[in-house]
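Hi everyone, thanks for coming. I have one structure to walk you through today, so let me put it on the screen.

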Amino acid sequence: MHKCIVCIGSNYDKEKNISFAQQSLKSLFPPISFDYEIETIPIGLDNPALFANQLAGFITESDQYVVIRQLKEIESRAGRLPEDKEKEKIVLDIDLIKYDECWLKPLIPELADSLLLNQ
């Protein structure tokens, strides 16, 4: 079994897209725990729209590449399109940031005090 931490983010129709991500992740990875949702300023984007971000943690038998593929499928079902990146419109972004003890992506500093990271 593998312990996973994912970061969910959206700067477009945030409430709808974060909710969609939560429901999709609940169906794929039960039981799953969600931390509090926060708003963050965009990093490396000119678009000033704030992001909604949230961490989630779950246990899975799947290898990290299967998990990443499943996360990308959720993004696609939410309506994320490759051309939206140029417009800095992030409908939904779900990143696997930690797989077991391996950090795969940097953590948004505002989420560093998450209880999920200390379990």
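Let me start with a question: which residues does Ile 8 touch, not counting residues up to four places away in sequence? The answer is Ile 18, Ala 21, Leu 25, Phe 34, Ala 52, Asn 53, Gln 54, Ala 56, Leu 92, Asp 93 and Ile 94, where contact means heavy atoms within 4.5 Å.

Before going on, a word on the source. This is a predicted model, in which local features need pLDDT of at least 70 and side-chain atom pairs count only at pLDDT 80 or more, while totals for chains, interfaces and linings use all residues. Residues are numbered from 1 along each chain as its sequence is written, and side-chain values use heavy atoms, with hydrogens and water left out.

Now the fold. There are two helices and five strands, taken as DSSP runs numbered from the N terminus, with helices (H or I) of at least four residues and strands (E) of at least two. Along the sequence they come in the order β-α-β-β-α-β-β. The radius of gyration is 14 Å, close to the 14 Å that the globule rule gives for 119 residues, so the protein is as compact as a globular protein of that length. That radius is taken over C-alpha atoms, and the rule is 2.2 Å times the number of residues to the power 0.38. Among contacts between residues at least 6 apart in sequence, 69% join residues at least 24 apart.

On to the inside. Of the 119 residues, 44% count as buried; buried means under 20% relative accessible area, exposed over 50%, and partly exposed in between, with a 1.4 Å probe and protein chains only. Ile 8 comes back here: the largest nonpolar core has 20 residues, and Ile 8 is among those with the most contacts inside it, along with Val 6, Leu 25, Leu 71, Leu 92 and Ile 94. Two or more residues come from each of E1 (2-10), H1 (14-28), E3 (51-60), H2 (64-77) and E4 (93-99). A second, separate core of nine residues includes Ile 5, Cys 7, Leu 111 and Leu 116. By nonpolar core I mean buried Ala, Val, Leu, Ile, Met, Phe, Trp, Tyr and Cys residues joined through side-chain atoms within 4.5 Å.

What about charges? We count eight salt bridges, each a side-chain nitrogen of Lys or Arg within 4 Å of a carboxyl oxygen of Asp or Glu. The Asp 93 pair links distant parts of the chain, with Asp 93 in strand E4 and Arg 80 in the loop between H2 and E4, 13 residues apart. Glu 75 counts as buried because its relative accessibility is 4%, whereas Arg 80 is partly exposed at 23%. These three belong to a network of salt bridges that also links Lys 72, Asp 95 and Lys 105.

Finally, some backbone details. The peptide bond from Pro 30 to Pro 31 is cis, with omega near -15°, and Pro 31 is found in the loop between H1 and strand E2 (32-40). Asp 13, in the loop between E1 and H1, has a positive phi of about 50° although it is not a glycine. Glu 88 also has a positive phi, of about 60°, and its place is in the loop between H2 and E4.
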